[in-house]
Amino acid sequence: MKKKLSLLLVLVLAVGLLAACGGGGGGGTEAPAAEEGAMTIGYASSNLNDTGQTFVADGARTYAEANGLTIQVQDAQEDVVRQQDQVKTMIEQGVDALVVVPVDTSAMGPITDAAQEAGIPLVYVNRNPFGEDQPPEGVYYVGSQEIVAGRMQGEALVEMMGEEGNVGILMGILSNEGAIKRTEGNEEILSQYPGINILAKETGNWQRDQGMSLTENWLTAYGDDLNAILANNDEMALGAVQALQAAGRDDVLVMGVDATPDAKEAVKGGSLAATVLQDLFGQGNMGTEIAHQAAQGNSPSQLTWIDFVPVTIDNVDEF
């Protein structure tokens, strides 16, 4: 009997040790266990250090939480190879659907192919890798038509500045559709006015500090000839505002895109002439909803557009 009790005690201890040693290995942090049968959404962000992308991710998390889904969030930190590897790993882990904000819209082929081969619904959000083309079967896109934001900025600038003046354009990362199309929209409108000149177009990579640095350079190069700055996003626009304030220049009109909380406060205070609302939270939320619907076997629309809205001192309190 004593031998049997000793053997039983050894077995209990062994099971306890195995349980303590299990759970993912590698020192990683495990997400809380989902309810049995809950779907898992793999979410691949381009860069969570980008303020705008945190709003997209918040929208995705909010939908997942409200609908009992598990969400695995990965941050590529603007490294396209890292993003491809992260998505591959999530597919191998058996996620039910994928939501991806591309690092480089021209390099999403491997991710698209991997999702299709695995039969996993894939939703691209915010940055469109397909341009004017329809997404392939089992793949979706949720975002806004980027050229419209650029057109809205251009139209607002002409209304405020008039038909003459010199403009600098702060561009985002040049591999992103938003940077290309928003700038194209700016140029489309401004080119209609012979008295408006584009002095410079440079990339600030969506970052506030780089927007500030480029504006400092433009103030040195162009001085009083610089009348306006159109930025592809609010972070760069706010960087431009910082540089202008430090230089004592309150005569330069600055406009951004996204209508982030900081930007709306700047519009209210008058340092930012205007911004354009891009519903980033709504994009992440809707993208995750589309992924959920597709994973359930439904047939959501492959293209979902969320409208831009111009935001000025006249309507900023509505947002």
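Two strands count as paired if DSSP finds at least two bridges between them. Helices (H or I, at least four residues) and strands (E, at least two) are DSSP runs, numbered from the N terminus.

The model is predicted: local features need pLDDT of at least 70, side-chain atom pairs count only at pLDDT 80 or more, and totals for chains, interfaces and linings use all residues. Residues are numbered from 1 along each chain as its sequence is written, and side-chain values use heavy atoms, with hydrogens and water left out.

**The sheet.** An open sheet is built from six strands in the order β2-β1-β3-β4-β5-β11, with parallel pairing. Because β2 (70-75) and β11 (303-305) each have a single partner strand, they stand at the edges, and one side of each lacks a neighbour in the sheet. Within the sheet, β4 (residues 122-125) pairs with β5 (residues 139-143) in the parallel sense over four bridges; L122 stands opposite V139 in β5.

**Helix packing.** Axes are lines fitted to C-alpha atoms, for helices over the stretch in contact, and angles run from 0 to 180 degrees between N-to-C directions.

| Helices | Axis distance | Angle |
|---|---|---|
| α7 (residues 208-222), α8 (residues 234-246) | within 7 Å | roughly 45° |
| α3 (residues 80-92), α4 (residues 109-118) | 10 Å | about 10° |

The angle between α3 and α4 makes them roughly parallel (angles under 35 degrees count as roughly parallel, over 145 as roughly antiparallel, 65 to 115 as roughly perpendicular and the rest as oblique). In contact (heavy atoms within 4.5 Å), Q83, Q84, V87 and I91 of α3 meet P110, I111, A114, A115 and A118 of α4.
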